[in-house]
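This report concerns helix packing and a backbone feature in a protein model. The sequence and structure are shown first.

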Number of protein chains: 2
Amino acid sequence: MEILKVSSTSNPKSVAGALAAVIREEGRAELQAIGAGAVNQATKAIAISRGYVAPNGMDLIMIPAFTEIEIDDEERTAIKFVIEPRY
Amino acid sequence: MEILKVSSTSNPKSVAGALAAVIREEGRAELQAIGAGAVNQATKAIAISRGYVAPNGMDLIMIPAFTEIEIDDEERTAIKFVIEPRY
């Protein structure tokens with residue numbers, strides 16, 4: 001599954017649109033965020049996307065978890081959000 | 001229901017402990033965070049608390065939403081997280 005990477009400069013509405021599209025197509029989605037600004041944008045995107053899918057009778061839930069990723073040979077701790085519908 | 005207020009200086013492990021206690025007692029919990037730093041600490045606390053309740057066969061999910069609150073006569077947008085178990 002494609003992982004949507006969110007940064008502190010990501011537009012929450014754009015991420016929300018992409019998120020809603022992935023969830024409609026694949027049934028679930030994953031966001032990845034590194035740092036407080038990125039986690040904040042990811043959270044706002046999820047709140048916004050709940051409004052995008054609500055007319056389809058879909059409610060979204062998120063499950064946060066820590067994950068280690070490698071950037072430029074350095075280990076960084078990211079937050080991974082799994083987003084799933086709840087009917 | 002008591003709302004746990006999280007700030008950018010909150011200790012995620014302490015919040016996670018409080019969160020797990022509220023969920024065990026009341027079945028669900030609410031966190032409130034204003035600003036990127038606070039949202040980040042709240043998210044980390046939820047990820048950590050999943051580990052605290054997992055031995056009880058409990059998995060936690062979170063539902064983020066925007067909420068308007070008043071601080072010093074000013075309207076601020078906060079993020080409210082509802083946390084519920086999923087068995």
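The model is a predicted one.

**Helix packing in chain A**

Two packed helices are described by the angle between their axes and the distance between the axes. In chain A, the axes of helix 1 (residues 12-26) and helix 2 (residues 36-53) come within 8 Å and cross at roughly 55 degrees. Angles of 65 to 115 degrees would count as roughly perpendicular and those under 35 degrees as roughly parallel; helix 1 of chain A and helix 2 of chain A are therefore oblique to each other. Helix 1 of chain A passes helix 2 of chain A with a right-handed crossing. On the side of helix 1 of chain A, the contact is formed by Pro12(A), Lys13(A), Val15(A), Ala16(A), Gly17(A), Leu19(A), Ala20(A) and Arg24(A). Helix 2 of chain A contributes Gln41(A), Lys44(A), Ala45(A), Ile46(A), Ile48(A), Ser49(A), Tyr52(A) and Val53(A). By class, the residues of this contact between helix 1 and helix 2 of chain A are ten nonpolar, three polar and three charged.

**Helix packing in chain B**

In chain B, helix 1 (residues 12-26) and helix 2 (residues 36-53) have axes that come within 8 Å and cross at roughly 55 degrees. This angle makes helix 1 of chain B oblique to helix 2 of chain B. Their crossing is right-handed. Residues of helix 1 of chain B that meet helix 2 of chain B include Val15(B), Leu19(B) and Arg24(B), and among their counterparts in helix 2 of chain B are Ala45(B), Ile48(B) and Tyr52(B). The contact of helix 1 with helix 2 in chain B comprises ten nonpolar, three polar and three charged residues.

Helix 2 of chain B has 18 residues, which at 1.5 Å a residue should span 26 Å; the end C-alpha atoms are 26 Å apart, in agreement. Buried residues of helix 2 of chain B include Val39(B), Asn40(B), Ala45(B), Ile46(B), Ile48(B), Ser49(B) and Val53(B).

**A loop residue with positive phi**

Asp72(A) lies in the loop between strand 3 (59-71) and strand 4 (74-86) of chain A. Asp72(B) is placed in the loop between strand 3 (59-71) and strand 4 (74-86) of chain B. Neither the one nor the other is a glycine. Their values are tabulated here.

| Residue | Phi | Relative accessibility | Class |
|---|---|---|---|
| Asp72(A) | about 50 degrees | 72% | exposed |
| Asp72(B) | near 50 degrees | 72% | exposed |

Terms used: Residues are numbered from 1 along each chain as its sequence is written. Chains are lettered from A and ligands numbered from 1 in the order in which they are written. This is a predicted model: local features need pLDDT of at least 70, side-chain atom pairs count only at pLDDT 80 or more; totals for chains, interfaces and linings use all residues. Side-chain values use heavy atoms; hydrogens and water are left out. Axes are lines fitted to C-alpha atoms, for helices over the stretch in contact, and angles run from 0 to 180 degrees between N-to-C directions. Helices (H or I, at least four residues) and strands (E, at least two) are DSSP runs, numbered from the N terminus. Angles under 35 degrees count as roughly parallel, over 145 as roughly antiparallel, 65 to 115 as roughly perpendicular and the rest as oblique. A crossing is left-handed if the near helix is turned anticlockwise from the far one by less than a right angle, and right-handed if clockwise. Contact means heavy atoms within 4.5 Å. Ala, Val, Leu, Ile, Met, Phe, Trp, Tyr, Cys and Pro count as nonpolar, Asp, Glu, Lys and Arg as charged, and the others, Gly among them, as polar. The expected span of a helix is 1.5 Å times one less than its number of residues. Buried means under 20% relative accessible area, exposed over 50%, partly exposed in between (1.4 Å probe, protein chains only).
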